Amino acid sequence: MNLNNRSNGAIVAFKKEGVLIMGDKFSGKSSTMLYFINNYNAKFVTNDISLYDSEYFEGVGKSISIRRVSLEKFNLNNIKSNYPLNTKFYINNQWDDKYKISPKEFSQLFRVKITPKIKVNVIFYLKYSKDSGGIVRKYDCKQINQLLRRQIIDLKYRCPFLNCKFYEVTINENNQEDLFNEMYNLVQKNKEE
């Protein structure tokens, strides 16, 4: 694997179907990942950084960092970790209050299997909006490249992205769960095609 090829985003796996969840800060990447794990038994690959080659994505085995507000949605606001770097950052701001746990603790806490690498078939690019939400399939390579450029270190090496279904998802607090379920249905539909 070429270590120069790095992407930012969460990855989960549904059997052999890899799903990359990208987006800006506070867009709901960890919440989406946790929802898929908690409600649809997705396997965990990474919630932050992955390395990729021409075909596969591999999660980087570092600590898992999740905001308190994401954990509260699943009634996990009092987790305790033995991870030596477990610290709370920016405690004065609830949106930046993060917990760090080891992959092993994450696996035990959520009773989830960890998959070290997977071929990604679907990409969801999340954006947060206070107004309305929805899912739009993107076909235009220029638009997709503009979105990917924010999350990919070296966009020249984009082989694994070329054959993925790419969806832009606008999320808000009122429609989050409905959109998570619609996203899952799109993944299942992609498996059937």
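User: In which sense do strand β6 and β9 pair, and over how many bridges?

Analyst: Strand β6 (residues 57-59) and β9 pair in the antiparallel sense, over two bridges. Bear in mind that this is a predicted model, where local features need pLDDT of at least 70, side-chain atom pairs count only at pLDDT 80 or more, and totals for chains, interfaces and linings use all residues. Residues are numbered from 1 along each chain as its sequence is written, and side-chain values use heavy atoms, with hydrogens and water left out.

User: What counts as a strand, and as a pair?

Analyst: Strands (E, at least two residues) and helices (H or I, at least four) are DSSP runs numbered from the N terminus. Two strands pair if DSSP finds at least two bridges between them.

User: Who is the bridge partner of Phe-57 in β9?

Analyst: Ile-118 is the partner of Phe-57 there.

User: And what's the strand order in that open sheet of four?

Analyst: The order is β1-β5-β6-β9, with antiparallel pairing. β1 (6-8) and β9 (117-118) are the edge strands, each pairing on one side only.

User: OK, β3. Which strands does β3 pair with in the antiparallel and the parallel sense?

Analyst: β2 and β3 run antiparallel, joined by five bridges. With strand β10 (residues 120-128), β3 pairs in the parallel sense over six bridges. Val-19 of β3 has Val-12 opposite, and Val-19 also stands opposite Val-122 in β10.

User: How many residues of β3 are buried?

Analyst: Seven of the seven residues in strand β3 (residues 17-23) are buried, where buried means under 20% relative accessible area, exposed over 50%, and partly exposed in between (1.4 Å probe, protein chains only). Glu-17, Val-19, Ile-21 and Gly-23 point one way, Gly-18, Leu-20 and Met-22 the other, and all are buried.

User: Switching to aromatics. How many aromatic pairs are there in the whole structure?

Analyst: A search of the whole structure finds eight. Rings of Phe, Tyr and Trp (its six-membered ring) pair if their centres lie within 6.5 Å; planes under 30 degrees apart count as stacked, over 60 as edge-to-face and the rest as tilted. Phe-14 and Phe-36 are edge-to-face, because their ring centres are 5.5 Å apart with planes at 75°. That pair links distant parts of the chain, 22 residues apart: Phe-14 is in strand β2 (residues 10-14) and Phe-36 in helix α1 (residues 29-40).

User: Are Phe-14 and Phe-36 buried or exposed?

Analyst: Both are buried.

User: Why is the pair of Phe-44 and Phe-106 tilted?

Analyst: The planes of Phe-44 and Phe-106 are at 45° and the centres 4.7 Å apart, so that pair is tilted. Phe-44 sits in strand β4 (residues 43-46) and Phe-106 in helix α3 (residues 103-110), 62 residues apart.

User: Back to α1, why is α1 largely enclosed?

Analyst: Because nine of its twelve residues are buried. Among them are Met-33, Leu-34 and Ile-37.

User: Last one: why does Lys-165 count as buried?

Analyst: Lys-165 has 16% relative accessibility, so it counts as buried. Lys-165 belongs to strand β12 (residues 165-171).

User: What does the side chain of Lys-165 make a polar contact with?

Analyst: With the side chain of Asn-190, at 2.7 Å. A polar contact is a pair of N or O atoms within 3.5 Å; within protein, one must be able to donate a hydrogen and the other to accept it, and residues adjacent in sequence count only if both atoms are side-chain atoms.
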